Amino acid sequence: DVIPPASKTLRPQKWVENFPIADGVRQSPIDIVPGQASYDAGLKPLDLKYDPSTCLDILNNGHSVQVTFADDTDSSRLTDGPISGLYRLKQFHFHWGASDDKGSEHTVAGTKYPAELHLVHWNTKYASFSEAASKPDGLAVVGVFLKIGGENPNLQKLLKAFDTIKSKGKQTSFANFDPSTLLPGCLDYWTYDGSLTTPPLYESVTWIVCKEPITASSAQMAKFRTLLFSADGAAPDCMVNNYRPPQPLKGRTVRASFK
Ligand SMILES: COCCCN1C=C(N)c2cc(S(N)(=O)=O)sc2S1(=O)=O
Ligand SMILES: [Zn+2]
């Protein structure tokens, strides 16, 4: 009989069966309500420094498109902001919709953006990324919204690689990409304690969501939608709507770095 495509069997409503933490107290994403965030004058500006030479490869992992970095030195790292210590960049990836009216994981007063970039960093107080990934202060993910606007030249190099990693499991070398070209000009942010937004849903993430979006053209968004959840040879299953909807706040406070 027909095997349902992964995008149907692994949908968010099903995750709690295998990952009970899906109903946990600090799940992500959330709806950020600016009027309810509390300005914290003690929050420092983000200090992000990325070294393009640490960029290794680009991969279709069956959930998203991911660019992975060498994390054996401190040369691509996040410090300050809401965190203490130094967190190394491990990877970045995106979430997007089947159309321009949805796709982001976090929402802002109910507004969905067409996509969201996640830059994943791990706390170097732990020996490795995989050790850090499950600790309450193990990860810091910087989220950047994408909105529809003019073509973003800094996305072109990424999008050009998509043709070679169309299906699940495909990966290709990807060198000298500077992720800071994907950051907005203003690094004002909201921050709260949350989780990975896909299984294993570990409650290990200090979320840092930038207020200012970057742009992508509608044509560039369409390029994301040419990727597949499915592997070569399987029935093609378009990689779209790979976002988890907002989760209950359960008493958490969202802090703002700006007034
Ligand atoms: C040993 O590794 C275990 C966890 C590894 N990761 C798994 C995810 N599902 C995941 C989701 C992430 S997201 N969407 O919350 O940024 S980051 C991330 S991840 O940190 O790369
Ligand atoms: Zn993500």
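Guide: The zinc ion (ligand 2) is held by H93 (NE2), H95 (NE2) and H118 (ND1), at 2.0 to 2.1 Å. A donor here is an N, O or S atom within 2.8 Å of the metal (3.2 Å for Na, K and Ca); water is not among the atoms, so sites may look incomplete. This is a predicted model: local features need pLDDT of at least 70, side-chain atom pairs count only at pLDDT 80 or more, and totals for chains, interfaces and linings use all residues. Side-chain values use heavy atoms, leaving out hydrogens and water; residues are numbered from 1 along each chain as its sequence is written, while chains are lettered from A and ligands numbered from 1 in the order in which they are written.

Along the chain, the donors of the zinc ion (ligand 2) follow the spacing H-x1-H-x22-H. The angles between its four donor atoms run from 98 to 118°, so the arrangement is tetrahedral. For four donors, that term asks that all angles lie between 85 and 135 degrees. H93 and H95 are both buried. Buried means under 20% relative accessible area, exposed over 50%, and partly exposed in between (1.4 Å probe, protein chains only).

Now for helix α4, residues 153-161. Helices (H or I, at least four residues) and strands (E, at least two) are DSSP runs, numbered from the N terminus. In α4, L155, L158, L159 and A161 are buried. Seen down the axis, these buried residues fall within an arc of 155°, so they line one face of the helix. The arc is taken from the directions from the helix axis to the C-beta atoms. An α-helix has 3.6 residues a turn, so residues three or four places apart point the same way. P153 and K160 are exposed, on the face of α4 turned away from its buried side. The cover over the buried residues includes β4 (55-60), β7 (86-96) and α5 (218-224). N152 caps the N-terminal end of α4, with a side-chain oxygen 2.9 Å from the backbone nitrogen of N154.

Last, the cysteines. A disulfide is a pair of cysteine sulfur atoms within 2.5 Å, and by this rule the count is zero. The sulfur of C186 has its closest cysteine sulfur in C210, 8.3 Å away, too far for a bond. C186 is partly exposed, with a relative accessible area of 24%. C210 is buried, at 0%.

Methods
Four donors count as tetrahedral if all angles lie between 85 and 135 degrees; four count as square planar and six as octahedral if opposite donors are over 155 degrees apart and all others between 65 and 115; anything else is irregular. Contact means heavy atoms within 4.5 Å. A polar contact is a pair of N or O atoms within 3.5 Å; within protein, one must be able to donate a hydrogen and the other to accept it, and residues adjacent in sequence count only if both atoms are side-chain atoms.
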